[in-house]
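Dear colleague,

My notes on it follow directly after.

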Amino acid sequence: MPYVASDHTKKYDSEALRARIPGWGVDSDPADRPSHPRERLDPEATGAHWEFPPLQEPRAGRERSIEHEMLTPVFGTAQPLHGVSGAIRRFAYDRYSEGRTAHWMLLVLGDRVDAVTEHVKSLASRRPDDPITESGVLSELGHHPLSSRFGRRRADVKHSWLDPIIVVGPWVLVGVVAVRTIAKIARR
């Protein structure tokens, strides 16, 4: 069982797993493990004295990876899943293991859907987001924008030309769609 300082006893048939999963069990023999000489189960010698904590009260719809049999003892509840992005994330957790690319790509898609939803909500509100002041572009002017980037081997210089497109692009796109929609309505 995870989350406890105990000897991790095997509860499976090694031969069945070896037959089903190519390469399974290559480190089953302690002599094959890189950490073997240092590996030992003695929590008192290392000062580890953690016991299994009381379980947090689970809420309905809490996401959990399919390879874990239970939720972690403590989990965050500040940002519950909601809307279309929440449905995408739930599908990722219900359908795919964390070892699959599809799991992570669906989580990224859910994040992007959530970002677009929040941008649309912002445009529909009385105080929409201001991409110029909120992105920190104006603060760059007072902090040596050119000398801080060149000759310093900064990794972000390679993609800095994309930043204006990513920040301003969605606003321009919404503006173009709005102007075309208004023009189409005005022609009728």
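Which residues are exposed on the other side of α3? They are G83, V84, D94 and R95. Please bear in mind that this is a predicted model, and that every value in this message is computed from it.

Helix α3

The helix covers residues 83-95. Its 13 residues should span 18 Å at 1.5 Å a residue, and the end C-alpha atoms are 18 Å apart, so expectation and model agree. The buried residues of α3 are S85, G86, I88, R89, A92 and Y93. Viewed down the axis of the helix, these buried residues fall within an arc of 160°, and therefore they line one face of α3.

P128 sits in the loop between α4 and α5, the latter being residues 131-134. When neighbours within four places in sequence are left aside, P128 is in contact with S122 and L123.

The nonpolar surface patch

I132, L138, L141, V168, V172 and V176 together make a nonpolar surface patch of about 520 Å². Helix α7, residues 163-187, supplies the largest share of this patch, namely three residues. V168 is found in α7.

The protein as a whole

The protein contains seven helices and zero strands, and from the N terminus on its elements run α-α-α-α-α-α-α. Of its 188 residues, 12% count as buried. The accessible surface of the protein comes to about 15,400 Å², and carbon and sulfur atoms account for 60% of that surface. Among contacts with a separation of 6 or more, 41% are between residues 24 or more positions apart.

I would be grateful if you could look through these points with the structure open beside you.

With kind regards

How values were computed. Residues numbered from 1 in each chain as written. Predicted model: local features only at pLDDT ≥ 70, side-chain atom pairs only at ≥ 80, totals over all residues. Heavy atoms only, no water. Patch = residues over 30% accessible without salt bridge, like charges linked within 9 Å, V, L, I, M, F, W, Y side chains within 5 Å. Areas by Shrake-Rupley, 256 points an atom, 1.4 Å probe, with all protein chains shown as cover. Salt bridge = Lys/Arg side-chain N within 4 Å of Asp/Glu carboxyl O. Helix = DSSP H or I, 4+ residues; strand = E, 2+ residues; numbered from the N terminus. Expected span 1.5 Å × (residues − 1). Buried < 20%, exposed > 50% of the residue type's maximum accessible area, 1.4 Å probe, protein only. Arc of directions from axis to C-beta. Contact = heavy atoms within 4.5 Å.
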